[in-house]
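Subject: Structure handover

Hello,

Here is the structure to look over. My notes follow below it.

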Amino acid sequence: MRREEEIFDLVIVGGGPIGIACALEAKRKGLKYVILEKGTLVNSLYHYPS
């Protein structure tokens, strides 16, 4: 099986509040982006101390 390569304009490291804000701005600008997150999306909010 051969996997096709994808080329992105932007790689966002972290899917927390700032990462999501960056992704929204990238979308507005028409950029192709990917978010890399080690946990679930907005993992930092899920584990934020009360």
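How many helices and strands are there in the protein? The protein has 2 helices and 2 strands. Helices (H or I, at least four residues) and strands (E, at least two) are DSSP runs, numbered from the N terminus. Starting at the N terminus, the order of the elements is β-α-β-α.

Two ground rules before the details. This is a predicted model, in which local features need pLDDT of at least 70 and side-chain atom pairs count only at pLDDT 80 or more, while totals for chains, interfaces and linings use all residues. Residues are numbered from 1 along each chain as its sequence is written, and side-chain values use heavy atoms, with hydrogens and water left out.

Overall form

The radius of gyration of the protein is 13 Å, well over the 10 Å that the globule rule gives for 50 residues, so the protein is more spread out than a compact globule. That radius is taken over C-alpha atoms, and the globule rule is 2.2 Å times the number of residues to the power 0.38. The C-alpha trace spans about 45 × 30 × 10 Å along its principal axes.

Of the 50 residues, 14% count as buried. Buried means under 20% relative accessible area, exposed means over 50%, and partly exposed lies in between (1.4 Å probe, protein chains only). The protein exposes about 4,700 Å². Carbon and sulfur atoms supply 58% of that area. Accessible areas come from the Shrake-Rupley method with a 1.4 Å probe; for residues, only the protein chains shown count as cover.

Now contacts, meaning heavy atoms within 4.5 Å. Take those in the protein with a separation of 6 or more: residues 24 or more positions apart account for 33% of them.

Salt bridges

How many salt bridges does a search of the whole structure find? The search finds 3. A salt bridge is a side-chain nitrogen of Lys or Arg within 4 Å of a carboxyl oxygen of Asp or Glu.

One of them joins Glu6 and Lys32, with the closest N and O atoms 3.5 Å apart. Glu6 lies in the segment before β1 (10–13), and Lys32 in the loop between α1 (17–28) and β2 (33–36), so this pair ties together parts that are 26 residues apart in sequence. Glu6 is exposed, at 53% relative accessible area. Lys32 is partly exposed, at 39%.

Glu25 takes part in a salt bridge with Arg28, at 2.8 Å from N to O. Both residues lie in helix α1, 3 residues apart, about one turn of the helix. Glu25 also meets Lys29 in a salt bridge, at 3.9 Å from N to O. Salt bridges that share partners join Glu25, Arg28 and Lys29 into one network. Glu25 is partly exposed at 34% relative accessibility. Arg28 is exposed at 62%, and Lys29 is exposed at 57%.

Is Ala26 buried or exposed? Ala26 is buried, at 3% relative accessibility. Its place is in helix α1. Leaving aside residues up to four places away in sequence, Ala26 touches Leu10, Leu31 and Tyr33. Ala26 and Asp9 are 17 residues apart along the chain, and their C-alpha atoms are separated by 9.0 Å.

Gly30 sits in the loop between α1 and β2. Gly30 is exposed, with a relative accessible area of 62%. Gly30 and Asp9 are 21 residues apart in sequence, yet 9.6 Å apart in space, C-alpha to C-alpha.

Ile7 lies in the segment before β1. Ile7 counts as exposed, at 71% relative accessibility. From Ile7 to Val34 is 27 residues along the chain, and 9.7 Å between C-alpha atoms.

Best wishes
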